Amino acid sequence: MNAVVLYMSKYGSTKQYAEWIAEELGADIFRADSFPAENFASYDTVIFGGAVFGGAIMGIAKISENMHILKDKRLIVFTVGITPPNAEKILADLLEKNYTDSMMKHAETFHFQGALEYKNLTLGHKILLKMINSSMRNKLDLHQNHVSRDAVMPLINSLKKE
Ligand SMILES: Cc1cc2nc3c(=O)[nH]c(=O)nc-3n(C[C@H](O)[C@H](O)[C@H](O)COP(=O)(O)O)c2cc1C
């Protein structure tokens with residue numbers, strides 16, 4: 001397998017998951033915005049990981065805009081958000097909103113749970129989350145970390161199976 005792992009991360013959890021995956025597979029790894037699309041030609045397997053903010057998968061355009069190349073490769077996308085991996089409806093809606101038809105057809109998707117640590121957030125994100133929490137009955141926990149190396153194993157096993 002000749003694999004590349006691309007990622008877009010703001011606070012580090014998606015980057016951490018990408019590093020673990022690249023290590024498990026012996027794959028190359030790059031931030032998606034520093035990877036020129038012409039370099040996809042060097043790989044038969046592409047794994048993309050994007051952090052989720054406000055229902056948008058960060059950097060997903062790197063995949064959606066290159067599906068004409070990626071549809072002929074093994075394509076795996078993983079998302080990282082605070083949503084638990086068993087929240088099926090929320091995660092199905094996330095794909096509905098962020099995936100093109102071609103991605104729906106060709107990409108295998110995994111969801112990993114990230115972290116939320118209030119003191120690390122940008123001022124803008126702090127204000128946003130305070131506002132969201134003041135309007136919600138079930139408040140978001142602003143100190144949580146679910147990042148775990150074990151979580152990547154289903155993705156690794158799926159790739160190693162074939
Ligand atoms: C302003 C803001 C909005 C967020 N929106 C979502 C969201 O819509 N869905 C979700 O699952 N997680 C959401 N999160 C949680 C992030 O996805 C989580 O912190 C993730 O670990 C970030 O990845 P990163 O560390 O790679 O940047 C949000 C976090 C912040 C600060």
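Helix α1, strands β3 (45–53), β5 (74–81) and β7 (115–117), and helix α6 (123–135) each contribute at least two residues to the shell around the ligand, where helices (H or I, at least four residues) and strands (E, at least two) are DSSP runs numbered from the N terminus. The structure is a predicted model, in which local features need pLDDT of at least 70 and side-chain atom pairs count only at pLDDT 80 or more, whereas totals for chains, interfaces and linings use all residues. Residues are numbered from 1 along each chain as its sequence is written.

Around the ligand there are 23 residues, of which S9, T14, A51, G81 and G114 come nearest; a residue is near a molecule if its C-beta atom, placed from the backbone, lies within 6 Å of it. By class, this shell consists of eleven nonpolar, ten polar and two charged residues, with Ala, Val, Leu, Ile, Met, Phe, Trp, Tyr, Cys and Pro taken as nonpolar, Asp, Glu, Lys and Arg as charged, and the others, Gly among them, as polar.

Helix α1 (residues 13–25) also packs with helix α7 (residues 153–161), at an angle of about 30° and with the axes 10 Å apart, the axes being lines fitted to C-alpha atoms over the stretch in contact and the angles running from 0 to 180 degrees between N-to-C directions. That angle makes α1 roughly parallel to α7, a term applied to angles under 35 degrees. In this packing, I21, E24 and L25 of α1 meet L155, I156 and L159 of α7, two residues being in contact if their C-beta atoms, placed from the backbone, lie within 7 Å. The residues of the contact of α1 with α7 comprise five nonpolar, no polar and one charged.

Two strand residues were examined individually. F112, found in strand β6 (residues 107–113), counts as buried because it has 23 C-beta neighbours inside 10 Å, the cut-offs for C-beta atoms placed from the backbone being 20 or more others within 10 Å for buried, 12 or fewer for exposed, and in between for partly exposed. When residues up to four places away in sequence are not counted, F112 touches Y17, F78, V80 and A151, and its C-alpha atom is separated by 6.1 Å from that of T79, 33 residues apart along the chain. R31, which lies in strand β2 (residues 28–31), counts as partly exposed, with 14 C-beta neighbours inside 10 Å. Leaving aside neighbours within four places in sequence, R31 is in contact with Y7 and M8.

Notes: Parallel < 35°, antiparallel > 145°, perpendicular 65-115°, else oblique.
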